[in-house]
Amino acid sequence: MTIKYKKFENLYQDSVSLMQISARLNKMSGIDEASVAMGTEANLARMTDAGFGSYIIAKPNDLVVAVKGDQAACQEAIEIAFEALTAKPDAVNDSQQFSQPLTSFALGLTQHPDANLAMISVPGEYAAAEAIKALNLGLNVMMFSDNVSVVDERTIKQLAQQKELMVMGPDCGTAIINGIPLGFANVVRRGAIGVVAASGTGLQEATCRIHQRGEGVSQALGTGGHDLHQDVGGISMLHGLQALADDEATKVIVLISKPPAKAIAEQILATAAQVNKPVVVHFLGAADSSMALDGVYAAHSLAHSAEVAVAVLNQQAIPAVQTQPKDDSVLTKLSTKLLPSQRYIRGVFAGGTFCFEAQIIASQYGINGYSNTPTQGNSQLDDVWTSQQHTIVDLGDDAFTQGRPHPMIDPTLRNQRILQDAQDPGTAVILFDVVLGYGASEAPLTELLDVIDTVRSKTATAPLFIAHVCGTELDPQSRDLTRDALSEAGVLIADSNADAAHLAAKFTSQLC
Amino acid sequence: MMLSLTKGYLCPTTSFNGKVHSVFRRSMNIKTDLVDTPWVSLLDTRLSATPTAYQCDFESIGALTNKINVGDTLFMRGGMIRLKSTLNLEINTLTAIQWQQAPALLTINHYRIKNNVGMTEALLGKYISSKKQLTINSAAEYIQHLGLTLPNCIYIHSDKLAKNIGHGKGLTPSGDDFLIGVLAVLSSLKTVHPQAETLFNHIKTAIQLDINKTNEISAHYLTLALFHHFSHPVQWLIHDLFTATDASTLNHRVMANLNIGASSGADTLAGILYCLNNVLLN
Amino acid sequence: MKALFTQKLTVLNAGLASFASNIERAGGEAIAMNWQPPAGGDRQGGLALAELLNQPEIELANQTAMERYLAAQPMLVDVMLAGEAIPTLAEKKLILHAGPPIPWQEMCGPVQGAILGAILFEKWADDLEQAEALIHAGEVTFEPCHHFDAVGPMAGIISRSMPLWVVENPNNGNERVYSNFNEGLGKVLRFGANSPAVIERLEWMGTELAQAMKAMLVQSGPIELKPIMAQALHMGDEVHNRNAAATGLLLKQLVPALLNTAEPKEQIQRVISFITANDHFFLNLSMAACKCMLKAAENIPNSTMVTVMARNGVNFGIRLSGTGNTWFQAPANPVDGLFFPGYGVEDAAADLGDSAITETAGVGGFAMASSPAIVKFVGGTPIDATNNSRAMQAITLGGNPAFTLPALNFAPTAAGIDARKVADHSVLPIINTGIAHKQAGVGQIGAGITTAPMQCFVDALQTFAAQREH
């Protein structure tokens, strides 16, 4: 076996492009392993760990292609990588016309002076500097990048406050500004409900539900998952809340977050109570009593927060708290087909907040188990790659996404996990999410339907599949088509993540 | 990149999108998308500073009319104004320092103001006489020449002054400039004269009713005046009329005002003198 | 932020290109930038840079630096012996060299050879061994030319008995800068040659040539250098690697004045034939003029304008106006060029000389559009030359209207390098350069194009940022 590497100096490309090339090389016959990455310390260390040796010398700006396999294949792989790296899809092949490549925000602004938002998805180590530059140049910022320290996040957000600009993120995957979906976002109609969420899938679920209930979204702002951390102080959420309060188009405001630090939660609720618009607050898993303030409505699930907002907007009765599946008649028919050993719930999620919400709801049915991101009452998995008893995993967590695209972009890993759990004799129900919208996989079901088919053809006692499709009929993948295809494959479809979790938990709880 | 060195105290610091409303050799007016500051101006440093203007050395780059068209879009981001049509024109407003406003009046010395008004009337007369080849000896004669409408008594029919809105030609009609002079005096008297504020508010109400009788730009400056905002030369001229004890200080200040625009400076000065004469001295 | 909700959303996208295309698919406007990690991927450098962007006191300082650079009026006023012009040279055995400071042991071959030649020329030693012994005994010291406001091409050697051009700036208190005389091509001191013929030529230059030039200047009066450079830019020179036109233009002023002097006819003939045989005669004057313009811009607190770029054959060094006399150094980048027959890249010394002062002042590589002949050295086309000049506009504070480029519709040359823009835009200053043989005395073996190394700019910005915090 040969190990070969080639370095391309000062050739930066984004990690997704590089992972695509890696994936292509890995599929070549004769190649055992391939890695295409920028020569950062972390990447070089990872290559050493992967057995590419420790002799690779590169600067962070150098692109490194490393391959293991038989000699001819290695040579070929490097050539293929070179071609892929140098092919410029957007190259304007007019050498007569000089145009300065836009390598920085400052150059971008000289050619596009109307720009007003910087979208930053560069590697985390550069993200803070890019955000500071964008703010200094007067641009609002959305940071998809993660791995930004809390100290840097605070610095960035304070600078934004001082400049009266907005920062969404770091680690903000989704937003809808002026009706335009940013990052991973769904196509929803414009309307009077404004959303600020410290959770990406939380924001998607709420905006989609608002759309499904016939209303629309004025603005949906992400804050990034660390915003309500004690050391950041919820700067973005408070700023977003104020901006929506001042926004004429917004009539009702929805705030969503995992449970924040106590002091931060109090500050946000106090501010919400002062805003002269109704504010619906959903802090996942928090007690209602803490929210008994004028003009503040407590919601109990992501979908519920949307439903409450729509009701408040239309001056209708506030929908009740959901404690049971909306319709569990289907469950009784299905349970007879399982073996006595099939007792466990297996949640396989791409959306982190969906995973969180499912665990909370399962707990309400007395179902506690394991997760890579356990909520209160659940335990850390011994091995994140293997389920044990009741297990609800978030495949979008760092443990799974190092050097791999997020499962929303590429569901391969999620499909593999579903297959693995479905073949486990202890599994009674597979609970999963399919997230649609821009940025998400364009064909999220292609492999998944095969997986479900395989499981069903192999055994008559296949577990029950329960899914929730987060999206709208206007999304490029279409929620309706996706739901139909899953139904046809025998998957039980719930209307919301919360309802899917209720169905799965109820079903599981009746087995023992 | 050009650096703006001075700016008015009402200039926006936040981002905005704008359109060039009018452009002259060394200045332009911009309509912005901001609610609080719908207008800003870019002026050469040699032109008189207004509360909503950024000033730059436009003289050094030649006539703006050759580079910029009415309707051109421009954008302020991070204090930098960039024009889309001419990629080379970038104006950094972060470097600008706010010009100082004239301090509020504490007392009135009637002898001094009378003396200074007298000197200023003479300067106005001399200036108009030399410029228009007609003999003008006082502000009253000049106002008559302009054909402006005046109440018999300012204390009783001050609202009649508003009839002058839009009277005359130019970007800022003479009637409007005259009114700005009147308002500027009443505004600065509010701390020292018992009836100044009432008079100001009467005129303000009347002007607000007829504000659409003049053009957009002039309406903008009138509106600023209604909220007590006046240009640097006007603020300091009034200040000096009340405080100057030597002829040369006042002379310098009056001439700076007279040289504004084609006749704007003289028209405003006429309003200032009219108001001082009728409110304080008669 | 409220404003954003009422404006049309326009997104500048740095990173995953799919985010931009999704926005466009959804009916929004997004520009997929070709983002590059700034500051050469140096995280701390990138953070320092971020804090320096769009800061009013820096913009004001840079405007002042730029105005002073533009206002400079370099005048050739005199010829003096180095020992007179720079008194320190007369006080001790000091030899000046090109680029940032460097100890003897680390110097490249050509600089060492040239220094030994200068010792022989000054008669401090009788032969090369003695000369080297003198150095090892610590009796001869070395400093960069720039420390004395002087510049010299390639090795850039200046010792006390050499003649210097004296260039003054009447718009900056008649501050003086200096450069040495150009010896011509072939075996010459600046490429490290130190044979008797080389020393003999230096002796002639220090006496007959220097006297003639001094007498000539008395007749001609001060010669304005900027107009000669400006004209030469319209005649195919970029006044760094090509000086044929500028040398001719200088001759037009020099010859009549020289004929008016009382110097003997034979001497005048020898002087004129020496000058006419050397197309690069003007180079040293071009460099002095550039140094003069940049000296005016030095030492302005808070300015990020680059005032010096120079190489010592090992390292590339820069100085910023706002960081005073501190050098920021990094190993010189390789030269992309063509070699004379019989030589190759393995024979080449690293980039060398103070002549990058021309690029610092907005000519040379920055004005390549005016000199298509130069791009042939790298197998390029005239379009590459104009594109290089255009690319430099991305890293400069403005243009120099005194120097215009016909190929760019008489646009001003890009001038006043802003270290922030270099690091932020990942665009390196382009430098046209000759290539010296790595062994002393072989001479020039090629020419080509290189760039200033990124690390100098990043280090300079970090120091600048740290300095601002105090």
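## Cysteines and disulfides

C56(B) is buried, with a relative accessible area of 0%, where buried means under 20% relative accessible area, exposed over 50% and partly exposed in between, with a 1.4 Å probe and protein chains only. C56(B) is in no disulfide, and the nearest cysteine sulfur, that of C11(B), is 10 Å away; a disulfide here is a pair of cysteine sulfur atoms within 2.5 Å. C172(A) likewise counts as buried, at 2% relative accessibility, and its sulfur is too far for a bond because the closest cysteine sulfur, in C470(A), is 15 Å from it. Over all chains, the structure holds 0 disulfides.

## Basis of the model

This is a predicted model, in which local features need pLDDT of at least 70 and side-chain atom pairs count only at pLDDT 80 or more, whereas totals for chains, interfaces and linings use all residues. Residues are numbered from 1 along each chain as its sequence is written, chains are lettered from A in the order in which they are written, and side-chain values use heavy atoms, with hydrogens and water left out.

## Largest cavity

A search of the whole structure finds 7 cavities of 30 Å³ or more, a cavity being a set of points, on a 1 Å grid over the protein atoms alone, where a 1.4 Å probe fits but cannot get out, with lining residues having an atom within 4 Å of a point. The volume of the largest cavity is about 130 Å³, taken as the space filled by probe spheres set on the points, which are joined across faces, edges and corners.

Its lining comprises 14 residues, of which I157(C), N180(C), F181(C), E183(C) and L202(C) lie nearest the centre. By class there are 8 nonpolar, 4 polar and 2 charged residues in this lining, with Ala, Val, Leu, Ile, Met, Phe, Trp, Tyr, Cys and Pro counted as nonpolar, Asp, Glu, Lys and Arg as charged, and the others, Gly among them, as polar.

## Second largest cavity

The second largest cavity holds about 80 Å³ of space and is lined by 16 residues, with M166(A), V167(A), S236(A), H239(A) and G240(A) nearest its centre. Two or more lining residues come from each of α6 (150–162), β6 (167–168), β10 (217–222) and α8 (235–246) of chain A, where helices (H or I, at least four residues) and strands (E, at least two) are DSSP runs numbered from the N terminus. The most is given by α8(A), with 4 residues, and the lining as a whole has 9 nonpolar, 6 polar and 1 charged residues.

Technical notes. 1 Å grid on protein atoms, 1.4 Å probe; cavity = no way out; pocket = protein on both sides within 12 Å on 5 of 7 lines; lining within 4 Å.
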